[in-house]
Amino acid sequence: MSPTASPFAATAVDPGPELDGGDFALPEGGLDDDRRLHALDAVDEYLTRKRRHLVGYQATQDMQGTALDLARFLPNNINNLGDPFQAGGYKPNTKVVERAVLDYYARLWHAERPHDPADPESYWGYMLSMGSTEGNMYALWNARDYLSGKALIKPPAAPFDAVRYVKADPDRHNPHAHHPVAFYSEDTHYSFAKAVAVLGVETFHAVGQELYPDESPLTDPVTGLRAWPTEVPSRPGPSGLSWDGTGEIDVDALAVLVEFFAAKGHPVFVNLNLGSTFKGAHDDVRAVCERLLPIFERHGLVEREVVYGRCSQTGRPLVDVRRGFWIHVDGALGAGYAPFLRLASEDPQAYGWTPEVAPPEFDFGLRLPTAEHGEVDMVSSIAMSGHKWAGAPWPCGIYMTKVKYQISPPSQPDYIGAPDTTFAGSRNGFSPLILWDHLSRHSYRDQVHRIREAQELAAYLERRLTEMEGELGVELWPARTPGAVTVRFRKPSPELVAKWSLSSQDVVMVPGDETTRRTYVHVFVMPSVDRAKLDALLDELAEDPAILGR
């Protein structure tokens, strides 16, 4: 096929012009209508062209129907200020719509009870104004304060004045009782590196280097020496290293690390991925929980007493019983489609499809038995991006936890008329309308079809890339994690990278040997990516000088 045969291609490698910043310079006197409209037309042409070719990121691009129905709301300043379950003083809001969206995902994520501030087991959450970066940051903030022993939003029933910070009477037998340690894998989204820095949460690497520099329980696979890895290793591939693995967290390595720090008395925060950034991997949340729960039991982290003061009359310590662990699921991509994979797996006859890989258990329904504490619900929080699987014109998402984990807000501004329980304060009131509209348009059966089509197209792309290796006599390094909607392969020319908005990642095959470096790109088969787009990309790859070695 010729390079111009595809409706998606202008020329084989021409990515098209970038926007000219000069068109958008704002002079003191403003712009006349001709120049203003010319600039807006340029943006429209650019975004239309880039939307048509975007395949390298976790973003759904096709939202034209939504735009037609929801443009009417743009004349409004819609602000969902404060807690979504209280109306607040700013009345141009869409909190009732936000709650409907939260209820929808709460059912899919097995949050068994609707939100009830008096019921500690009921869910609480809100819609994010950022993507899952905000959700991950809020989870880490929530977990840090919960594990550090700070005051809950529902303080214990005790004759004691309300306090916000409850470390006043620390556990003298365990100096680390309020010193949580964070664990996340090397395939985790970079937002966690930012979050731990912003929030002052220490990772196991930082605490290990500072307090236990010569006690690492892990051996470096390259040097053979005991050393603290920067992040929890991902599961190794055929090479014995993680670069050619599928991207899931190494459960054995995680268990060894958590055991070490739990034995030292530290509370534990664990992040798990559902659709990792580059490989689209799903961590086996159940397997992680089954390995970690006995560790938490051995070291008193399933239930522990947090002393938050002393009774003014008796002098006795006042205690609150809470967890010493927190498991968060970063489902930025996967939490949007995994429930529909589960529906198809549970009833393939009804949905006409059996997924190639059984979806992981990842949500609030994951409960495990213990001898001493009965059934334990393992997952404390979930984050999801709304602009990824569902699709939205701007970053947004959902954070969800349970009432029993909510921490008392650091401030209580009266003028907003609702508790300031969210991260952002002012929040985008358009996002609930966007997600509600999407969910109203798609039945569960429709949603199953969307993820089925995406997985089948991802398998098609991997197969075609493998066939092209033989046809062209070149190495393309195609790889796909089973069940993922992303395919990674050899980086093509800069022109193709720019045209198709491909993201790249360098991998050193043999650690320390730069001559073994490979650079991969990946395609995410989102609902706005169809076979015609993939075929157009494949046609251009087949004639790309960087691929052919010309």
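Let's start with strand β4, where both faces are covered: Val268, Val270 and Leu272 are buried on one side, and Phe269, Asn271 and Asn273 are buried on the other. In a regular strand, side chains alternate between the two faces of the sheet. For β4, 6 of the 6 residues are buried, so the strand is largely enclosed by the rest of the structure. Please keep in mind that this is a predicted model.

So who sits beside β4? On one flank, β2 pairs with β4 in the parallel sense over 3 bridges, and Val181 stands opposite Val268. Strand β7, residues 325-330, also runs parallel to β4, and 6 bridges join the two. Within that pairing, Leu272 has Val329 as its bridge partner.

Now let's zoom out to the sheet. It is open, with 7 strands in the order β1-β11-β10-β7-β4-β2-β3, and the pairing is mixed. Which strands stand at the edges? They are β1 (123-128) and β3 (202-203); each has a single partner strand, so one side of each is left without a neighbour in the sheet. The partner of β1 is β11, residues 397-402, and these two pair in the antiparallel sense over 6 bridges. There, Met127 stands opposite Ile398 in β11.

Ile398 comes up again when we turn to Tyr105, which touches Met384, Ala390, Ile398, Met400 and Leu439, not counting residues up to four places away in sequence. Tyr105 belongs to the largest nonpolar core, which has 98 residues; along with Trp109 and Phe183, Tyr105 is among those with the most contacts inside that core. There is also a second, separate core of 24 residues, and Tyr184, Val196, Trp326 and Tyr405 are included in it.

α3 covers residues 95-108 and reaches 20 Å from its first C-alpha to its last, close to the 20 Å expected at 1.5 Å a residue.

One more histidine before I stop. His189 is in the loop between β2 (181-183) and α5 (191-199). Is His189 buried or exposed? With a relative accessible area of 16%, His189 is buried. Leaving aside neighbours within four places in sequence, His189 is in contact with Thr133, Thr277 and Asp330.

Note on methods
Residues numbered from 1 in each chain as written. Predicted model: local features only at pLDDT ≥ 70, side-chain atom pairs only at ≥ 80, totals over all residues. Heavy atoms only, no water. Pairing = 2+ DSSP bridges. Helix = DSSP H or I, 4+ residues; strand = E, 2+ residues; numbered from the N terminus. Core = buried A, V, L, I, M, F, W, Y, C linked by side-chain atoms within 4.5 Å. Buried < 20%, exposed > 50% of the residue type's maximum accessible area, 1.4 Å probe, protein only. Contact = heavy atoms within 4.5 Å. Expected span 1.5 Å × (residues − 1).
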